[in-house]
Amino acid sequence: MHRSDGQSGPATSSPAGGSPRRPVRAAVGSLALGVLTALTLSACAVGPEYDTPAVTLPGHWGPTAKRAEPAPQLKAWWRRMGDPMLDALMAEAVAGNLDVATAKANVRAARASYRQQVGTLFPQVTGNASGTRGDSGGGVSPNGDITVSNGYGQYQAGLDASWEIDLFGANRRGVEAAAYNVDAVVNDLDAALLTLVGDVASYYADVRGYQAQIALARRTAASQKETEALTRRKLDAGAASAVDLANASGLVASTEANIPELEASLAAAIHRISVLTGQPPAALILRLSRVKPIPTPRLPVPRGIPADVLTNRPDVRAAERQLGQTTALIGQAEANRYPSISITGNIDTTGSQLGNLGRASSISWAFGPTLTVPIFTGGQLKALVDVAEANRDVSFIAYRASVLTALEDVENASVSLSQQRLKTGKLTIAVTSYGEAARLSRTLYENGSTSFLDVLTAERSLYSAQTQLIQSRVATTKYYIALNKALGGGWDGVVDTSKPEVVDQNTGPHFARIVPPASSDGSARP
């Protein structure tokens with residue numbers, strides 16, 4: 001019901017000495033009662049209520065474990081490798097990584113969307129004003145008399161207000177969905193940080209591994225050159241053949257041929273770390289050129305219980321929050337099938353002079369509810385509910401898949417780490433044995449007690465075993481990193497999401513500067 005009054009002065013004014021108009025009071029009272037009734041009804045909501053789904057998980061890891069392990073120590077897990085440079089690179093990467101910056105911007109956008117959605121719960125008020133000045137025009141009569149009309153003016157000011165009563169909770173479901181989305185995006189930021197620290201640590205291990213292999217190749221080539229020189233001397237003395245010398249020279253060249261490829265791999269790993277920290281690819285070349293040992297993890301790694309991944313893994317938490325978001329959107333779609341009530345009102349004052357707007361002016365107002373009932377929509381609204389329910393099912397499946405993937409990641413990393421440790425142990429024994437064999441064969445060769453073939457075989461075997469041992473140590477470190485990532489170990493320091501990447505200047509009212517678009521070659525078009 002709408003009520004308007006075109007009388008001059010307040011709409012509730014009464015004749016001199018009289019009482020207020022009863023019809024107005026009655027109308028206002030009825031509307032107030034209607035508003036209270038609507039607000040009472042607005043406490044209801046439609047659609048399913050979300051609750052975190054129960055997931056059945058094993059009580060311990062692996063088929064052979066007898067009991068649960070201690071809780072995982074995920075806080076700054078990379079520090080347990082004892083490499084200060086790696087620690088510094090982690091902080092630089094968190095501050096400069098572009099994927100993290102994107103995730104922080106997404107957090108700001110999600111929080112702004114939440115505030116926007118909350119705004120739908122409150123009345124919306126706008127103001128308006130207008131002013132018109134003119135005259136009806138003059139003229140010249142046939143006898144030559146000139147007439148000038150009087151000018152007129154009209155000024156108007158007013159307020160418009162509207163409020164949608166959230167009768168069946170459509171707007172509240174929207175706020176609920178937006179809140180779940182904020183949580184999901186924050187967890188996406190945590191997932192980006194987890195991926196980042198894992199990548200930085202893995203590429204750092206690669207850098208140290210390639211440096212170790214390059215140093216090994218150079219040491220081995222130097223030792224093989226000594227053997228080549230010895231063979232040359234024995235050839236000059238008639239104690240060795242030209243075949244032996246050719247094999248010795250070929251062995252040196254073969255070992256040295258590995259160095260360029262290793263150098264290229266080393267440069268690529270450093271370039272990747274530089275980009276991960278938000279810098280040009282060559283920014284860390286000098287800083288990482290100094291050879292340092294391969295970071296050695298502190299083992300074993302406690303894994304806790306499988307249920308820990310539900311709270312420790314940010315991707316699992318994000319998937320669960322997305323499930324809550326899609327569940328809330330079902331209620332929003334369902335509420336759109338029910339009647340809606342909105343209250344609108346306006347008040348306007350009009351005067352012939354600007355100073356009369358608050359005194360000698362004409363005041364009009366209108367206030368009342370509007371009921372909207374969807375009677376026939378061709379099944380569109382029900383279809384939107386079905387779409388929302390299907391999207392909820394997709395989110396539920398994605399959540400279950402994220403849990404299984406998390407469990408798989410932990411199991412795979414655990415098995416790979418334990419088996420790689422066994423491999424490292426065996427390779428250590430092999431290097432010791434091949435080293436002794438190479439030393440003895442060379443001594444016997446110098447004394448003429450064995451052939452060069454034995455020396456060639458021993459040195460090749462030793463170099464291969466040493467290379468595999470370095471690679472195994474790098475792999476052990478990387479499986480340690482993978483296990484901590486799988487358990488949910490990421491960056492647990494402070495991350496400021498409030499600071500934008502681009503800070504605009506002079507955003508208030510100002511004259512626009514028209515800039516012509518640039519052409520394909522970068523020059524400005526006329």
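**Briefing: helices, loops and a pocket**

Helix 8 covers residues 314-335, which is 22 residues, and reaches 32 Å from its first C-alpha to its last. That is close to the 32 Å expected at 1.5 Å a residue. The model is predicted. The points below cover helices, backbone features, a surface patch and a pocket.

**Helices**

- Is helix 8 enclosed or open to the outside? Of its 22 residues, 16 are buried, so helix 8 is largely enclosed by the rest of the structure.
- Helix 4 runs over residues 170-236 and has 67 residues.
- At 1.5 Å a residue, helix 4 should span 99 Å. Its end C-alpha atoms are 97 Å apart, which agrees.
- After helix 4 comes G238, with a positive phi near 80°.
- An α-helix has 3.6 residues a turn, so residues three or four places apart point the same way.

- Which peptide bond is cis? The bond joining L299 and P300 is cis, with omega about 0°.
- P300 sits in the loop between helix 6 (285-288) and helix 7 (309-312).
- A76 is not a glycine, but its phi is positive, near 45°.
- A76 belongs to the loop between helix 1 (22-41) and helix 2 (84-96).
- A76 has 13% relative accessibility. Buried means under 20%, so A76 counts as buried.
- N506 is not a glycine either, and its phi is positive at about 55°.
- N506 lies in the segment after helix 10 (452-487).
- Is N506 buried or exposed? Its relative accessibility is 55%, and the cut-off for exposed is over 50%, so N506 counts as exposed.

**A nonpolar surface patch**

- L371, V373, I375 and F376 form a nonpolar patch on the surface. Together they have about 520 Å² of accessible area.
- F376 is in the loop between strand 6 (362-372) and helix 9 (380-446).
- F376 has 73% relative accessibility, so F376 counts as exposed.

**The largest pocket**

- How much space lies in the largest pocket? The figure is about 250 Å³.
- The largest pocket is lined by 16 residues. The closest to its centre are I294, T296, T424, L469 and R473.
- Helix 4, helix 9 and helix 10 each supply at least two residues of the lining.
- Which helix gives the most to this lining? Helix 10 does, with six residues.

Notes
Residues numbered from 1 in each chain as written. Predicted model: local features only at pLDDT ≥ 70, side-chain atom pairs only at ≥ 80, totals over all residues. Heavy atoms only, no water. Helix = DSSP H or I, 4+ residues; strand = E, 2+ residues; numbered from the N terminus. Expected span 1.5 Å × (residues − 1). Patch = residues over 30% accessible without salt bridge, like charges linked within 9 Å, V, L, I, M, F, W, Y side chains within 5 Å. Areas by Shrake-Rupley, 256 points an atom, 1.4 Å probe, with all protein chains shown as cover. Salt bridge = Lys/Arg side-chain N within 4 Å of Asp/Glu carboxyl O. Buried < 20%, exposed > 50% of the residue type's maximum accessible area, 1.4 Å probe, protein only. 1 Å grid on protein atoms, 1.4 Å probe; cavity = no way out; pocket = protein on both sides within 12 Å on 5 of 7 lines; lining within 4 Å. Points joined across faces, edges and corners; volume = space filled by probe spheres on them.
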